[in-house]
Amino acid sequence: MKVELVTNLKRQATKILADLHVSKEPVLITEHGQPSAYLVDVDDYDFMQRRLALLEALSRGERAVVEGRSCSQAAAREKMGRWLK
């Protein structure tokens, strides 16, 4: 992962962004030697958000099974059939 000082980002934003679009490698921005933010490509960010949403949905499904809030496939089919009419 590439690391850049916030002062370099201020001075060379166009170059840093161009490199980011080519390499697709996230850039860690630091302030006073401490991590402050990440720069990531827009497509990569969108992909991460979709992945996170999917993982959250899977987690909710697993929780529903553990808590007994699920039904058999036949019961689900029947409910969906009534709902879609």
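Let me begin with conventions. Because the model is predicted, local features need pLDDT of at least 70 and side-chain atom pairs count only at pLDDT 80 or more, whereas totals for chains, interfaces and linings use all residues. Residues are numbered from 1 along each chain as its sequence is written, and side-chain values use heavy atoms, with hydrogens and water left out.

I turn to the strands. Helices (H or I, at least four residues) and strands (E, at least two) are DSSP runs, numbered from the N terminus. Strand β1 covers residues 2-5, and strand β2 covers residues 27-31. β1 and β2 pair in the parallel sense over four bridges, where pairing requires that DSSP finds at least two bridges between two strands. Within this pair, Glu4 stands opposite Ile29 in β2. Together with helix α1, the two strands make a right-handed β-α-β unit. Right-handed here means that, with the strands pointing away from the viewer, the path from the first strand over the helix to the second runs clockwise.

On its other pairing, β2 meets strand β3, residues 34-39, in the antiparallel sense over five bridges. Val27 has Leu39 in β3 as its bridge partner. Two residues lie between the strands of this hairpin, and His32 takes a positive phi near 50° there. How much of β2 is buried? Four of its five residues are, so the strand is mostly covered, buried meaning under 20% relative accessible area, exposed over 50%, and partly exposed in between, with a 1.4 Å probe and protein chains only.

Next, the charged pairs. Side chains of opposite charge can pair when their charged atoms come close. The criterion for a salt bridge is a side-chain nitrogen of Lys or Arg within 4 Å of a carboxyl oxygen of Asp or Glu. By that criterion, a search of the whole structure finds six. One of them joins Asp19 and Lys2, with the closest N and O atoms 3.4 Å apart. This pair links distant parts of the chain, since Asp19 lies in helix α1 (residues 6-23) and Lys2 in strand β1, 17 residues apart. Asp19 is partly exposed at a relative accessible area of 27%, and Lys2 is also partly exposed, at 27%.

Asp19 meets Lys15 as well, at 2.8 Å from N to O. Because Lys15 and Asp19 are four residues apart in helix α1, about one helical turn separates them.

A further salt bridge joins Glu78 and Arg82, at 3.0 Å from N to O. These residues are four apart in helix α3 (residues 73-84), so they too are separated by about one helical turn. Glu78 is partly exposed at 49%, while Arg82 is exposed at 52%. Elsewhere, salt bridges that share partners join Lys2, Glu4, Lys15 and Asp19 into one network.

From its first C-alpha to its last, α3 reaches 16 Å, close to the 16 Å expected; the expected span is 1.5 Å times one less than the number of residues.

Finally, the surface. Which residues form a nonpolar patch there? Tyr45, Phe47 and Met48 do, with about 300 Å² of accessible area together. Areas come from the Shrake-Rupley method with a 1.4 Å probe, and for residues only the protein chains shown count as cover. Patches are made of residues with over 30% relative accessible area and no salt bridge, like charges being joined within 9 Å and nonpolar side chains (Val, Leu, Ile, Met, Phe, Trp, Tyr) within 5 Å. Phe47 lies in helix α2, residues 42-66, and counts as partly exposed at 41% relative accessibility.
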